[in-house]
There are 2 protein chains.
Amino acid sequence: MNDVARLAGVSIKTVSRVVNDEPGVHPSTAERVLAAIDQLGFRRNLSARNLRRGSSTGTIGLVLEDVGNPFYSGVTRAVEEIARLRGRQVISGSSDEDPGRERELALEFCSRRVDGLLIVPAGLQHSYLVPEMRAGTPVVFLDRPAGDVVADTVLVDNIGGTVEAVTHLASHGHRRIAFLGDAPDIFTANERLRGYREGCVRAGIGYHEELVAMGPHDESSVATTLQRLQTMREPATAIVAGNNRITVYILRALAGVAERPALVGFDDFELADLLSPPVTVIAHDASALGKAATDLLFARLDGDNSPPRRVVLPVRLVPRGSGEVHA
Amino acid sequence: MNDVARLAGVSIKTVSRVVNDEPGVHPSTAERVLAAIDQLGFRRNLSARNLRRGSSTGTIGLVLEDVGNPFYSGVTRAVEEIARLRGRQVISGSSDEDPGRERELALEFCSRRVDGLLIVPAGLQHSYLVPEMRAGTPVVFLDRPAGDVVADTVLVDNIGGTVEAVTHLASHGHRRIAFLGDAPDIFTANERLRGYREGCVRAGIGYHEELVAMGPHDESSVATTLQRLQTMREPATAIVAGNNRITVYILRALAGVAERPALVGFDDFELADLLSPPVTVIAHDASALGKAATDLLFARLDGDNSPPRRVVLPVRLVPRGSGEVHA
DNA sequence: GGCCACTATGACAACGTTGTCCCCCAGCGG
DNA sequence: CCGCTGGGGGACAACGTTGTCATAGTGGCC
């Protein structure tokens, strides 16, 4: 800006005025300044501007588990969309389920003075955020709740969803329904397990430990588990999969197998309808989740300081075939 | 920092020394400072720091077409990964194929003084970046080249891939091979069309205008096109799909159809192997693309100022069934 | 001519840091 | 007692902006 001022033969303040479209600059002066800006390829430094104005940095931080997972990239897209409408940029990072990494990312974002934080928590300890929140940085947790702080949270109805899945399978005559879930220390995995259990009880088919296999799972552990479930004394005739990845692992393991158990997966995914049989899922909307969380964040930025809210988004069972096989 | 200094009864410079682990602070003083930091929840302002030091802002900007597309979210993931290893944060945004939006994002990132830019170009005009590049901001284009500036570029072998697809189909006896591509003003779409044409010529089956349908496509336009291709006087017996979305549209349109043409899709996608028939694709690696581009960017940041490079990543045909149907 | 109002512009401080340079004082040798 | 040394610490400027206030010039009115 200094250089521009020198070239145009004015003070830096006048350049500032031109750059900010402030009134009170003579058109001919403005023109000279603009020419100088163009010639030097000047672009105002937003960091300095925000520092001086003490105002918003125009950024929001997004900590998620893995952008590579279609579910989270859907969330990211929705967040971006709304941030854009509100003139904000998104800085994001993946925690890979590592609480340390999550914390590192969140605090790094705070150091950059983001206007707000959206976090898919990896761990259960979030007291590290208390100073930031007290200092006025709004934080919204999504997909999973914070461990030890009270804050805005947007979740999906994990319990309702798995209850519905089990009920649905039971209504087709299944009494040996298995559940393959993610690591039980992950909130959603645990909730879905609870829903599964409740569904079993409600359906009157009882909860049987041996039909449950919690993760972490990979392709081979899922294959092994399926083997066990199908060869036990009273084999499982139906399976509830705890998330999109597990569903895919199951599909891989079952590829080419003639006698397939019924299957309902948690999370919808592309092409589920084109597989044979098409996969019945508990669907919920990644972009709705991202949108709800971002809307909540912006409400806080707009001054809403009502008590923290917990929003639970509905899920719906989408019957496609794999879950409508009779026992 | 001021408050911390006052509370600890020292000067702000001493606080700065403690925060930056600089030597020359008495342990007992440091302890007082740390206690004050803790009590006030102080976190150093990175913008101010970078402004003062005139150093890197520790961020890189990523402009892509749509994070929601699994291909680009794979790219994003890879970029993030490498940026992390090099201590950088990623700021990203989606252009939605809108050149204006691409430019807006890129310039916004420049205003934030990102250390470097990774761009999946939406348009053909990139001279707007010349001042920034001359000012020392390295820019790497990925997936598509820049329109009118010479810069580092990482591409995949679009032509080679489609040539291979056509050759593969021809070797199974197909002589009426159709091509459904994206809008021809998109570089990759155009290149793939060229590859298709060259493949036809090489295979000695000739290039026939009526077998080509360029986009933009959506589910219904694809369905209509397929209808036309299959009912023409000499119907198409095989199809090459120009990208992952078009492949999916084709699969949707063909669902339940008994007489299916052979199909090879450009871009691999999850579950392609579990469909029936499994989908033969020209595969290339989103994360390899992201990694190559980011590596190139960091090489520039490390001072490499050799002439701009153009890297072309190989693709490979993955035969799975849909492309091995004989005519 | 003196005064006012108004426009165009500039000087300067400040945002929160850090780099540079300087000062104070204890400890030590002569 | 003096001077020197070195460790611990502070004052101040500067990074690139913008907000505040001041100032110079111009034209109009009495």
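Analyst: Happy to! Let's begin with A:D21, which is exposed at a relative accessible area of 71% (exposed means over 50%, buried under 20%, and partly exposed in between, using a 1.4 Å probe and protein chains only). A:D21 is not a glycine, yet its phi is positive, about 55°. Most residues other than glycine have a negative phi. A:D21 sits in the loop between α2 (12–19) and α3 (27–40) of chain A; helices (H or I, at least four residues) and strands (E, at least two) are DSSP runs, numbered from the N terminus.

A word on conventions: this is a predicted model, where local features need pLDDT of at least 70 and side-chain atom pairs count only at pLDDT 80 or more, while totals for chains, interfaces and linings use all residues. Residues are numbered from 1 along each chain as its sequence is written, chains are lettered from A and ligands numbered from 1 in the order in which they are written, and side-chain values use heavy atoms, with hydrogens and water left out.

Now to chain B, where B:D267 also has a positive phi, about 85°, without being a glycine. B:D267 is buried, with a relative accessible area of 6%, and its place is the loop between β9 and β10 of chain B. That loop also holds B:P277, which is joined to B:S276 by a cis peptide bond with omega about -5°. Most peptide bonds are trans. In chain A, the bond from A:S276 to A:P277 is cis too, with omega near -5°, and A:P277 lies in the loop between β9 (262–266) and β10 (280–283) of that chain.

Strand β9 (residues 262–266) runs parallel to β10(B), joined to it by 3 bridges (strands pair if DSSP finds at least two bridges between them). Here B:V264 has B:T280 as its bridge partner. Strand β12 (residues 316–318) pairs with β10(B) in the antiparallel sense, also over 3 bridges, with B:I282 opposite B:L317.

B:I250, in helix α11 (residues 244–254) of chain B, is buried at 0% relative accessibility. Setting aside neighbours within four places in sequence, its contacts include B:L263, B:V222 and B:L180, contact meaning heavy atoms within 4.5 Å.
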